[in-house]
Amino acid sequence: MIKPFEFLLPTKIIFGRGELKSLKEELKEKNPKKIMVVTDPNLRNLEVFKKLLEQLENFDYVVFDEIEPNPKDYNVEKGAKCAVDEKVDLIIAFGGGSPIDATKVISLIAAQGGSVKEYMQKKIEIEKALPFIAIPTTAGTGSEVTFSSVITDTEEKFKYTIKSPLIAADVAIIDPELTLSLPKSITATTGMDALTHAIEGYTALCTEPIAESVGLTAVSYITKHLEEAVENGDNIEARENVMMGSLLAGLSFSHSDVAAVHCMAEALGSIYDSPHGTCNSVLLPYVMEYNLPETTDKYASIAREMGIEGEDNLEVANKGIEKIKKLSKSIGLPDFKSLNINPDDFEKLSEMSEKNGSTPSNPRAINKEQYLEIFKKAYKE
Ligand SMILES: [Fe+2]
């Protein structure tokens with residue numbers, strides 16, 4: 001039986017090389033009085049940011065460039081204050097997942113008031129947010145089409161997810177040309193984040209047929225083109241395909257969920273501030289090994305999307321997991337040990353992983369003891 005489900009997509013998607021130019025038209029239509037551009041301090045100095053500003057020539061705008069990686073509660077509070085003080089009525093999020101995730105909650109607080117903590121603890125119901133346009137400059141997070149925002153509570157050192165279709169972007173302008181100048185390491189880490197979204201979105205317990213279809217197709221786009229995009233960053237064909245994979249993976253997990261890999265990666269990110277995609281990449285194959293008894297057929301389908309052939313699903317699935325390990329290595333991502341995580345923290349990290357709201361979505365039941373075993377295994381190999 002196909003379980004009943006709803007599929008909602010409040011975001012208009014504009015995809016294509018050079019489509020940044022469509023921003024002007026979108027803005028003319030929305031006719032904002034004042035725009036706030038939310039980004040990070042590094043991006044502000046890059047050529048790609050000048051391209052964005054060219055589009056804003058005839059508009060009144062302010063730039064808020066204080067978003068850190070693994071965006072923090074205080075980044076969001078400060079951004080929301082800036083939006084209110086400047087009487088902003090539209091936000092453009094420009095950058096990777098951090099500025100886009102942060103903008104979702106900035107636009108919420110600017111429109112509705114309250115604090116980040118109150119939304120994290122679900123003390124206030126989400127009712128409205130300022131309109132925002134998401135323009136990703138990396139191919140990985142899928143945040144431009146998801147309804148969720150992951151923000152670090154710096155007091156608790158815990159990453160909370162704030163989720164509602166009301167905080168999704170109104171428009172996502174996805175222009176692969178914006179990723180041409182990304183360094184190899186960011187291409188690699190964000191690409192593996194996208195692959196993890198695709199695999200978890202496809203296999204999460206709450207998935208449905210549309211999320212499954214786009215998730216599985218995303219695996220194909222990403223795994224066939226990621227190595228080339230890392231190796232030859234100016235290959236627009238490869239960039240475009242990885243970006244499409246990232247978009248589809250975002251659509252998949254936002255209508256399904258992420259699962260154990262993200263629960264563990266978010267725990268690592270909360271304590272160590274390690275790059276999100278790299279945390280996913282070091283843990284993904286080990287979680288897959290754990291999940292394999294419950295997901296053999298789906299993992300075999302994933303492996304077949306990666307070009308692996310064979311009759312026996314278990315054998316094909318195992319080869320797929322090995323290929324994912326090799327892929328991380330070949331694109332230069334480190335192993336778990338190189339992240340300088342203290343094994344004494346595994347206990348605490350396992351507890352945090354169990355507490356994550358996506359733990360019940362994992363295709364095989366998992367608790368803190370099993371998380372601990374996976375942390376240990378990933379660290380040993
Ligand atoms: Fe992610």
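What distance separates the centres of domain 1 and domain 2, taken over C-alpha atoms? In this predicted model, the two centres lie 25 Å apart. The domain assignment places domain 1 at residues 12–178 and domain 2 at residues 182–380.

**Contact between the domains**

- Domain 1 contributes 25 residues to the contact, and domain 2 contributes 29 residues.
- On the side of domain 1 that touches domain 2, the elements giving two or more residues are β6 (148–153) and β7 (158–163).
- That side of domain 1 comprises 11 polar, 9 nonpolar and 5 charged residues.

**Nonpolar core**

- The largest nonpolar core contains 112 residues, and I91, V105, I106 and L283 have the most contacts inside it.
- Helix α11 (residues 276–305) supplies the largest share of this core, namely 12 residues.
- Because domain 1 (12–178) and domain 2 (182–380) both give residues to this core, it lies between them.
- In soluble globular proteins, nonpolar side chains tend to be buried together.
- Leaving aside residues up to four places away in sequence, V105 touches V76, V116, Y119, S149, I151 and I162.

**Helix α7**

- Helix α7 spans residues 184–203, a run of 20 residues.
- From its first C-alpha to its last, helix α7 reaches 29 Å, which is close to the 28 Å expected at 1.5 Å a residue.
- Of the 20 residues of α7, 17 are buried, so this helix is largely enclosed by the rest of the structure.

How values were computed. Residues numbered from 1 in each chain as written. Predicted model: local features only at pLDDT ≥ 70, side-chain atom pairs only at ≥ 80, totals over all residues. Core = buried A, V, L, I, M, F, W, Y, C linked by C-beta atoms within 7 Å. Buried ≥ 20, exposed ≤ 12 C-beta atoms within 10 Å, placed from the backbone. Helix = DSSP H or I, 4+ residues; strand = E, 2+ residues; numbered from the N terminus. Domains from an automatic or database assignment. Contact = placed C-beta atoms within 7 Å. Nonpolar A, V, L, I, M, F, W, Y, C, P; charged D, E, K, R; others polar. Expected span 1.5 Å × (residues − 1).
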